[in-house]
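Here is a short briefing on a protein model, written for someone new to reading structures. Take a look at the sequence and the fold, then walk through the notes below.

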Amino acid sequence: MCGSPSRRVGSASVSESLEYKTVSVFLVLLVCGVGIVGNVMVVLVVLTTRHMRTPTNCYLVSLAVADLTVLVAAGLPNVSGQPDGNMDLWTRWMSGITYLQYLGINVSSCSITAFTVERYIAICHPIRAQAVCTVSRAKRILAGLWSCTCLYCMLWLFLVDIQVSQAGLLQCGYRVKRELYLPIYLFDFTIFYVLPLLLAIVLYALIARILYLRSGDRCGQVCETGVGGVWDRCGTGVGQVWGRVWTGVRQV
């Protein structure tokens with residue numbers, strides 16, 4: 001009698017665990033599948049269409065590739081199981097997954113920042129943009145961003161370790177003391193989140209100001225043209241009437 005309730009509780013917990021895993025795997029596959037298909041379509045459209053190869057689309061392709069990296073790196077660990085009895089392989093696997101996640105996130109931030117700067121130059125300095133905002137320059141900038149970010153994120157290959165939980169499962173852990181990770185997290189947060197956010201706020205504020213001033217100038221030109229046109233038409237009409245009256249007076 002004491003054994004049967006425990007078996008029932010155990011079976012209930014197993015069923016709940018299976019339901020949770022089924023739902024979580026389904027949601028992960030759904031989100032990752034939609035994201036992967038959408039980003040792959042963006043990359044293919046830009047690469048296969050000649051007139052789509054613009055500086056702006058180069059940054060969008062870089063952003064799509066970075067998003068693909070995050071989706072694959074974040075989705076695979078939730079779907080794939082743990083390797084059996086190969087601790088070294090599992091350690092390398094988790095280190096690579098962590099590296100790809102940080103790489104994709106940081107490159108996404110850099111790509112958005114480069115895209116924002118390119119839009120600022122194109123809108124606020126259109127003459128300079130003809131020489132600065134080119135496809136070749138955008139490719140060089142992106143190559144530099146990807147190279148620097150790849151080197152920076154290699155730090156996480158040496159900071160991730162595999163630990164065994166109380167339940168006997170392998171999980172990602174810390175290789176050094178947790179207090180040493182705080183400066184790394186703060187530096188990463190400042191370089192790839194705070195500074196790009198502040199720069200984007202400033203540049204978009206300048207873009208909005210320029211667009212507002214240009215719209216005001218256009219409205220002023222339209223108003224001046226409209227008033228002048230009305231005045232010219234009125235003057236022409238008055239001149240015609242006065243000419244007819246003067247001709248009649250002379251005839252009389």
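## Aromatic rings and a buried aspartate

The count comes to 7 aromatic pairs, where rings of Phe, Tyr and Trp (its six-membered ring) pair if their centres lie within 6.5 Å; planes under 30 degrees apart count as stacked, over 60 as edge-to-face and the rest as tilted. This is a predicted model, in which local features need pLDDT of at least 70 and side-chain atom pairs count only at pLDDT 80 or more, while totals for chains, interfaces and linings use all residues. Residues are numbered from 1 along each chain as its sequence is written, and side-chain values use heavy atoms, with hydrogens and water left out.

**A tilted pair**

- W156 and Y185 have ring centres 5.6 Å apart and planes at 35 degrees, so this pair is tilted.
- W156 sits in the loop between helix 5 (135-153) and strand 1 (160-164), and Y185 sits in helix 6, so the pair ties together parts that are 29 residues apart in sequence. Helices (H or I, at least four residues) and strands (E, at least two) are DSSP runs, numbered from the N terminus.
- W156 counts as buried at 3% relative accessibility, whereas Y185 is partly exposed at 33%. Buried means under 20% relative accessible area, exposed over 50%, and partly exposed in between (1.4 Å probe, protein chains only).

**A stacked pair**

- The rings of F189 and Y193 have centres 5.9 Å apart and planes at 25 degrees, so they are stacked.
- Both F189 and Y193 belong to helix 6, 4 residues apart, which is about one turn of the helix.
- F189 is partly exposed, with a relative accessible area of 47%, and Y193 is partly exposed too, at 35%.

**A ring cluster**

- Y102, W156, Y181 and Y185 are linked into a cluster by ring pairs.

**D188 and its contacts**

- D188 is found in helix 6 (residues 181-251) and is buried, with a relative accessible area of 6%.
- Leaving aside residues up to four places away in sequence, D188 touches N106, Y152 and Y193; contact means heavy atoms within 4.5 Å.

- An unreviewed UniProt entry lists residues 23-47, 59-79, 99-121, 141-160 and 180-207 under "transmembrane region". UniProt positions are given in the numbering used here, feature names are shortened, and annotations may be inferred rather than shown by experiment.
- In the model, residues 99-121 are 100% helix and 0% strand, with end C-alpha atoms 33 Å apart.
- Residues 141-160 are 65% helix and 5% strand, and their end C-alpha atoms lie 30 Å apart.
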